[in-house]
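Hi everyone, thanks for coming. I'd like to walk you through one model today, so let me put it up on the screen.

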Amino acid sequence: MKRYENVKLYTLYERLWHWVQALAVLLLLVTGLEIRDHIRLFGFERAVRLHNALGFFLLFNAFLGLFYFLTSGAIRQYVSEPRDFASIAVRQVGYYLRGIFKGAPHPVERTAKARLNPLQKLTYVMILNVLLPWQIFSGLAIWGLERWPHIEDWLGGLPVLLPLHALGSWLFAAFIIMHVYLTTTSGRKPLSGIHAMITGWEEIETQETEEAK
Amino acid sequence: MRVAAVLLLAAAVHAGSLLHPDVALLDADGRSVLETNRPVSPARTCGECHDTDYIAAHSYHALVGLDEIGNRGGFEWDLGPGMFGRWDPIVYRRLGEDGDLGEAEWIRIYGERHVGGGPAAEAGVEMNCFLCHLPRPANAPRVDALRNGKNEWAATATLAHTGLVERAGNGEWRYVKSRFGEEGIVPQQALGLTDPKAANCGLCHTQVWTAPEPLALDCEKLARDTDCSGQVFSPQRVKDSALNLAGKEALAQPWDVHAERLLECTDCHHALNNPVRFTEAERSRPAHLAYDARRLEISEYLKTPNHHFTKGESAQGNVARRLDGSMRRCEGCHNAEATHEQWLPNPRRHLRTLLCESCHIPQVFAPARRQTDWTVLTEERGPRIEYRGVDGPPHEATSTIHGYRPVVLPRHQRDGLIRHGPHNLVTSWFWVAGDPARPIPQALLESAWFDEAGGYRPGIIGALDENGDGHLEGSELRLDTEAKVDAIRTALALHGADRPRITGSIQPASLHHGVVAGDFATRRCETCHNEKSRLTEPFELSSYVPTGASATLVGDTNITMPGRLYEEGGRLLYEPIPTASGRYVIGHDRAGWIDWVGVLLILGTVFGAAMHGLARFASARRHDGGAA
């Protein structure tokens, strides 16, 4: 018989940071769509101003998060241990492809100090070290063309930067969809993951009891 | 002392008619015209105080390209870039050894838009100071004198409105002695010599209207710039004009805000060495010098006022290109950044890539020429002409004027920037023959089209008379089938044209007048940042295309036409494509493949998550059922 224990996974700051960042990204996607004339919501001018402000806010919040994760040691959550990483990742893939349909247990035991499985770690490393910097850099460059026009010669100007920025946005949007879906696979119930990110607490499956054996 | 002198000059500029001394009208030998009854010589009359030789030699209005013969023109057969030497498809006749226009005839035809001197000097047409410095120059008598070959009398005829001269019964000009003062001196009150006003410039350039009466266009003979661009310089509100303009009652803006604010043309297009207005061009100013305090003394300036006027960088301003950008532009007087940064995102980027006129001339309210078709001849032996912005002939009162939205094109500036500004595009269709190709002379065209009695030749009528009534109506004058083109080609060949073929040119006309203030300017971002961006609106170049012909941009302009020319419904259209010139309009331009990749990525993700979720749901139910 499975046994569940109520564990505090996320601190208040982590939750706040997460939701603020999520809201900023969502609004950036919406205003970005309006700037590209895919939707009409705020009007072009307000969409541009909002997009720029949100971009800087997201950058600021990213630095705050980095500071927090570094100083609190929570950064270790994202650091993979090389030993058995590949084999555990393969087991995690196998779980998503087969085990999850058979009611098999998660291959990686979650604890407050190790919340992420190898696939999540890999995804976050890519998101935080590639996609987010990509978006920040291209966004800053687009914004900076107004102040430092000569960077247009170095970077190719809007014809290069805007498509790159748009591609990054699509990737972010796809990540959010996948991210939200995968939260439904991590907990005891489909909404356990989201619940945990709101309250900080989640019932986590622990080892089987002797009686059950 | 120097400041006081400059202030005195500034006062003189605005009160010239009061300060100018009385003058003696002299003939070419320097004798009083009252004694000799010979034509007034402006060079001798004004030369008493001003260095008229210097002025004539330093005036591109007089030289009109004479000093640039040999420089690049718009067509391969051009002698130069100026009005003297560059072939004008609107006028058609052509200078040059193999052309059909001699210098005497050039004066007869072009003299109405030429101040004299330069190429006309040898034929006795002196640079006519009165044309620009009289408050009411008599232009029609001046043009009349030139057309009748009375070149020496052109300047005298310009004085007709002063009452100093009058026509005798035999058509000659004679002096009215009672209007002269003692010893033949003309009081300043009679002449009113002054610095040029907008109306003076309007005689050759643009329709200027400063009268309180409702503005009316002389559509039978539009001023050249108005004809080619629809620009009007007037302080009057558009809705107060006499034009049959659609929706006029809502048009509360003035025809030009600078005219409304009482600016004169010379406030921007001033003498290069005017000590009040002189500013060193950015490209020639030493980096360490923000302001050069050294100025000409007033006496020096009045002796040798340089009549090369500061000029902008209009696409059609081909003469004296070396002076391009010498005038103060909008940003020379207005602090655009300060007024735009409050509401316009990225104001500097906008100002770097757009001319102010792009937003501040959003609409032109007068008709403008769209096409000139010399492949056919009207009964008046001229080309078929069509205008944009008007339903029907512009000179007919029943025609409704709608105006037009100018096309925004990139301009390559002297400062290295490419900035987009509003333009009209005038297409010309014409026959060329021989190798190298040259426009077929007008006389040959006429002999091919008309018989000795002055009517259309039967073969021409047979080829073009679509309704079979035996007459050629205006709408039938178009070579829109191979058979029609063949018929005219054959007629031209019969009259001596060597391998006649049709070609076309596109002449851009930059718009810099007809400016409106902020309230009437384009302010909505979505006007451009939109899928249907105003920057990419198709612009009609010609209402029809002679069969087999194509049109190209003239070779001596500083604008380009990135985009595509295409035919639709028989019309020739131009669609600007900003990305073709390396520009990217946010909200309009997008890399389509990236959006496709993005949409497929999203759909794939949603589909994958949905399938995975459904499978989980199904397996959970199966497990729950088993447990039950």
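Let's start where the two chains meet. There are 3 salt bridges between chain A and chain B. One of the residues involved is B:Arg349, which pairs with A:Glu152, and their closest N and O atoms lie 3.3 Å apart. Please keep in mind that this is a predicted model.

Which elements of chain A give two or more residues to the side that touches chain B? They are α2 (44–72), α3 (85–102) and α6 (158–186). Of these, α6(A) gives the most, with 16 residues. By class, that side of chain A has 22 nonpolar, 5 polar and 9 charged residues.

Now the whole contact. Chain A puts in 36 residues and chain B 38 residues. Together they bury about 3,400 Å², with 61% of that on carbon and sulfur atoms.

Let's stay with α6(A), and turn to a partner inside its own chain. Helix α4 of chain A covers residues 118–144, and its axis comes within 9 Å of the axis of α6(A), crossing at roughly 145°. The crossing is left-handed. If you zoom in, the α4(A) residues in this contact include A:Tyr124, A:Ile127, A:Leu131 and A:Trp134, while those from α6(A) include A:Leu161, A:His165, A:Phe172 and A:Phe175.

And what are the classes of residues in the contact of α4(A) with α6(A)? There are 15 nonpolar, 8 polar and no charged residues.

That's my tour, thank you!

Key. Residues are numbered from 1 along each chain as its sequence is written. Chains are lettered from A and ligands numbered from 1 in the order in which they are written. This is a predicted model: local features need pLDDT of at least 70, side-chain atom pairs count only at pLDDT 80 or more; totals for chains, interfaces and linings use all residues. Side-chain values use heavy atoms; hydrogens and water are left out. Contact means heavy atoms within 4.5 Å. Buried area is the accessible area (1.4 Å probe) that two parts lose on being put together, summed over both. A salt bridge is a side-chain nitrogen of Lys or Arg within 4 Å of a carboxyl oxygen of Asp or Glu. Helices (H or I, at least four residues) and strands (E, at least two) are DSSP runs, numbered from the N terminus. Ala, Val, Leu, Ile, Met, Phe, Trp, Tyr, Cys and Pro count as nonpolar, Asp, Glu, Lys and Arg as charged, and the others, Gly among them, as polar. Axes are lines fitted to C-alpha atoms, for helices over the stretch in contact, and angles run from 0 to 180 degrees between N-to-C directions. A crossing is left-handed if the near helix is turned anticlockwise from the far one by less than a right angle, and right-handed if clockwise.
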